Amino acid sequence: MVMPLAVALATPAQAASSCTTTAGPYQKQVEKYLGRPVDGRQSRTDCLAIQNFQINHGISPTIGYAGPVTWGVMSLKNAQKAAGHNPNAAGKCPTNKGRIACVDLTRQLSWVQDGSRLVYGPVPVRTGRDGYETRTGSKKIYWRNIDHWSTIYDVAMPYSQFFDGGQAFHSIAGSVWSPPGSHGCVNMRSADAKKYWGLLRNGDDVYVYGRKPGT
């Protein structure tokens, strides 16, 4: 079966490079996030801590600069952490449909509910970049392929569960926080995509809402 697919590769962070001595526009915020002394001045230790975060989260270039991309990922992780065990506190994902997979584009989170009961998650995801946004609204899973391969992007898409045209849940090998995002799919960590594969079936509901930062 040939289908239009949407996927993006997580771009690996560049190999560790020289540290910049320049303080970035988000220096104090980044220092606070990393538990560093908040003085707004770039030190060698500051740079190494920022660089390590960039490498671990697929952010390029990895020069330890506290710029908008690095702070954007940190802000997103703060919002994800704040969701705790009640990601649907605002009631934006409908809970009157039985089993449903919710996708919050704003916080880049997904979870599975069964009525009002949280079944799994929330887990971090990576959705469509600017120009390839993951489409919002009510969907249903209609096709699943555990070992799918994208013929468009020539890349593996394990645990693919399609819910809107070529847009699907599937795992990626890289970081789900790496910018700028997918080509529309909901990228997941391998363990989370595998869990979704076991929880969801064809015909199950998916609800996508919000707006990904930067789109």
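This is a predicted model: local features need pLDDT of at least 70, side-chain atom pairs count only at pLDDT 80 or more; totals for chains, interfaces and linings use all residues.
Aspartate 154 is located in the loop that runs between strand S5 (143–150) and strand S6 (155–164), and because its relative accessibility of 57% is over the 50% limit, aspartate 154 counts as exposed.

Cis peptide bonds were also identified in the backbone. One of them joins glycine 121 to proline 122, with omega at about 5°, and proline 122 itself belongs to strand S3, which spans residues 117–124. Another cis peptide bond joins proline 179 and proline 180, again with an omega of about 5°; proline 180 is situated in the loop between strand S7 (167–171) and strand S8 (186–188).

The largest pocket has a volume of about 320 Å³. Its lining is formed by 19 residues, of which Leu76, Pro179, Pro180, Lys212 and Pro213 are the closest to the centre of the pocket, so that Pro179 and Pro180, the partners in a cis peptide bond, are among the residues closest to that centre. By residue class, the lining of the largest pocket comprises nine nonpolar, six polar and four charged residues.

Definitions and conventions. Residues are numbered from 1 along each chain as its sequence is written. Side-chain values use heavy atoms; hydrogens and water are left out. On a 1 Å grid over the protein atoms alone, a cavity is a set of points where a 1.4 Å probe fits but cannot get out, and a pocket is an open set with protein on both sides within 12 Å along at least five of seven lines; lining residues have an atom within 4 Å of a point. Grid points are joined across faces, edges and corners, and a volume is the space filled by probe spheres set on the points. Ala, Val, Leu, Ile, Met, Phe, Trp, Tyr, Cys and Pro count as nonpolar, Asp, Glu, Lys and Arg as charged, and the others, Gly among them, as polar. Helices (H or I, at least four residues) and strands (E, at least two) are DSSP runs, numbered from the N terminus. Buried means under 20% relative accessible area, exposed over 50%, partly exposed in between (1.4 Å probe, protein chains only).
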